[in-house]
Amino acid sequence: MSNNAITNFKDKHPVHISLDIFTDHGNQTQVPDVRWKLVDQAIEMLDDAGLSYTIDSIYNEDYAPGVVTDQTPAPGSSVKTARSILLTINCLFPPQVEIPKDITEMAGTDGITTLKTLGFRHITTDTVPSEMQGLIMGVKVNGRSVVGGTKAALNSKIVISIGDGSVEVIEFDPLGYAERDSLIQEKIKSGELQIVTDSMGNKSIIPRTQR
């Protein structure tokens, strides 16, 4: 090809047109800002821009349910048409989480820490009479007593009842008062026991063999 022919070819076919073909500039679009939009509105905006989407979710009760809290790529980014945009939305309903099965075997402070780690935020305490001080004696969820292993929504109001140690430990008495008195009366009647009075007028019951 002569120099004149090469020059004429360049004039008719500018280099930048060729680059546009290979880099696909004509199929680029700008990512709209869909943050803090309800998910239905966000999807409609992406559809209008020729973009697809995938959805991830979080739960934060400080945000409205069903709103987009984040997106990737960032708003204003230039991407190819049909690029999938990752939307992070706030759950419509709070997740259900299991209260630990051994909750009533924990100290109050440990139980509160464990529940907060699981994501519960609305936790209060009260005290109840008990033999052991500081142990969790019971749990209520939204006013209802539950056992360990029960599932509760993360926005539930939880009350932990902690023992105050005010109850005296009473040793087990195999004979109640009435039963013991009845047994003593029988032994007195049979002569096995007897009632004696000392010089001060105090009465006591002793075995008859001790006379």
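1. Which residues of the largest nonpolar core touch the most other members? They are Ile99, Ile103, Leu115, Phe120, Val139, Ile158 and Ile160, out of 16 residues in that core. A nonpolar core here is a set of buried Ala, Val, Leu, Ile, Met, Phe, Trp, Tyr and Cys residues joined through side-chain atoms within 4.5 Å. Buried stands for under 20% relative accessible area, exposed for over 50%, and partly exposed for what lies in between (1.4 Å probe, protein chains only). Strand E8 (133-141) and strand E11 (157-164) are the elements that give two or more residues to this core. A second, separate core has 12 residues, among them Ile43, Leu46, Val79 and Ile85.

2. A word on the basis. The model is predicted, with local features needing pLDDT of at least 70 and side-chain atom pairs counting only at pLDDT 80 or more, while totals for chains, interfaces and linings use all residues. Residues are numbered from 1 along each chain as its sequence is written, and side-chain values use heavy atoms, with hydrogens and water left out.

3. Leaving aside residues up to four places away in sequence, Ile160 touches Gly111, Ile112, Leu115, Ile123, Thr124, Thr125, Asp126, Ile136 and Gly138. Contact means heavy atoms within 4.5 Å.

4. Helix H4 covers residues 108-118, and its buried residues are Gly108, Gly111 and Leu115. These lie on the same side of H4, because they cover an arc of only 65° around the axis; the arc is that of the directions from the helix axis to the C-beta atoms. Thr109, Lys116 and Thr117, on the other side of H4, are exposed. The buried residues of H4 pack against strand E7 (122-128), E8 and E11. Just after H4, Gly119 has a positive phi of about 115°. Helices (H or I, at least four residues) and strands (E, at least two) are DSSP runs, numbered from the N terminus.

5. The structure holds one aromatic pair. Trp36 and Tyr63 form it edge-to-face, at 5.2 Å centre to centre and with 70° between the planes. Rings of Phe, Tyr and Trp (its six-membered ring) pair if their centres lie within 6.5 Å; planes under 30 degrees apart count as stacked, over 60 as edge-to-face and the rest as tilted. The pair links distant parts of the chain, 27 residues apart: Trp36 is in the loop between strand E1 (28-30) and helix H3 (39-48), and Tyr63 is in the loop between strand E2 (52-58) and strand E3 (68-72). Trp36 counts as partly exposed because its relative accessibility is 49%. Tyr63, at 32% relative accessibility, also counts as partly exposed.

6. Three strands form an open sheet in the order E2-E5-E3, with mixed pairing. Two strands pair if DSSP finds at least two bridges between them. E2 and E3 are the edge strands, each pairing on one side only. E2 and strand E5 (residues 84-90) run parallel and are joined by seven bridges; Ser52 stands opposite Ser84, and Asp56 opposite Thr88. E3 and E5 pair in the antiparallel sense over four bridges, with Gln71 opposite Leu87. Five of the seven residues of E5 are buried, so E5 is largely enclosed by the rest of the structure.
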